[in-house]
Amino acid sequence: MNNKSKIIRAITADGSARIVFTDSTEIVKIGSEKHSTSKTMTAVLGRTLTVTSLMGSLLKNSTDSLTLRINGDGPSGTVICVSDYKGNVRGYAEHPNAELPPNSYGKLDVGGAIGSGTLYVIRDLGMNEPYVGASPIVSGEIAEDITEYYAKSEQTPTVCALGVRVGQDNICYAAGGYLLQLMPGAEYDTAEKLESNVKLMRPVSQLIADGVSGEEIIASVFSGFEFEMFDEFDTEYLCTCSREKYLDALAGLSRDDVRELISKGEPIETQCCFCGEKYVFTPDEVSAEIKRKEKNK
């Protein structure tokens, strides 16, 4: 079984625009299975996983990470996804079972599920403090919100396209998207032509469902331009949790909280919110880890 998705990156010959594309179908399938999402929430989480993977792939260093946090007041609650520099991504939604009737266009109501609020982009670049950018949620459809974020917080003209197709069996059968960005010095004619190309295209998830390749989708976006596909790599739903990390986190709790947990004399169970993996510790294990940490201070 192939659990990999794919990212392709391309740039115009004159360097005026770049695109990052992903067919994230496998990532969205796995994410929805891990969280047992409803149809609407498969689309919500799937779009967020997809765009976080795209944004993460623009990071420069192997130790960098990017977190996309959508704090909406809709039934989905908070949605959080984290990507590394290769676009490997993990995520969760506060209310994965939330469901809404179709919107006025007969589509899954992603905007209604998200509601109004704020979108945060947190880049951890290994410095003392992470970089945090924020912008208002303008539609809740996620793609438009990301376009707004890049325009307002990073002053980068961007077109974001995202889509998730969910079958009657509640299984994602097509998902993907792209970020199209103008580079510094790009001329107005370039922006106008790219905008015209994008408007002529069918929804990206429909193209993927119909078997159109990433290379063909990029060629359609860059129709009329000379361009180069300069990068292609696999990416996946990848959680970085481990028993050691959770033991370290337990030992780092406040003394009162740790004392309360240990005093019960019962096994202490933790569960990863990204992948559902459970880790169980004995009170003695936690006590020993606290002593070890204090000794090494």
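Contact here means heavy atoms within 4.5 Å. The structure is a predicted model, in which local features need pLDDT of at least 70, side-chain atom pairs count only at pLDDT 80 or more, and totals for chains, interfaces and linings use all residues. Residues are numbered from 1 along each chain as its sequence is written, and side-chain values use heavy atoms, with hydrogens and water left out.

Leaving aside residues up to four places away in sequence, Thr-48 touches Leu-68, Ile-70, Val-79, Cys-81 and Ile-142. Thr-48 has a relative accessible area of 0% and is buried (buried is under 20% relative accessible area, exposed over 50%, partly exposed in between; 1.4 Å probe, protein chains only). The Thr-48 side chain reaches the backbone oxygen of Val-44 at 2.8 Å.

The whole structure holds 5 aromatic pairs (rings of Phe, Tyr and Trp, the last by its six-membered ring, with centres within 6.5 Å; planes under 30 degrees apart are stacked, over 60 edge-to-face and the rest tilted). Among them, Phe-222 and Phe-227 form a tilted pair, at 5.4 Å centre to centre and 50° between the planes. Phe-222 is buried at 1% relative accessibility, whereas Phe-227 is partly exposed at 29%. Together with Phe-225, Phe-222 and Phe-227 make up one aromatic cluster.

Two charged ends sit over rings (NZ of Lys or CZ of Arg within 6 Å of the ring centre and within 35 degrees of the ring normal):

| Charged residue | Ring | Distance to ring centre |
|---|---|---|
| Lys-86 | Phe-233 | 4.5 Å |
| Arg-90 | Phe-274 | 5.2 Å |

Note on methods:
A polar contact is a pair of N or O atoms within 3.5 Å; within protein, one must be able to donate a hydrogen and the other to accept it, and residues adjacent in sequence count only if both atoms are side-chain atoms.
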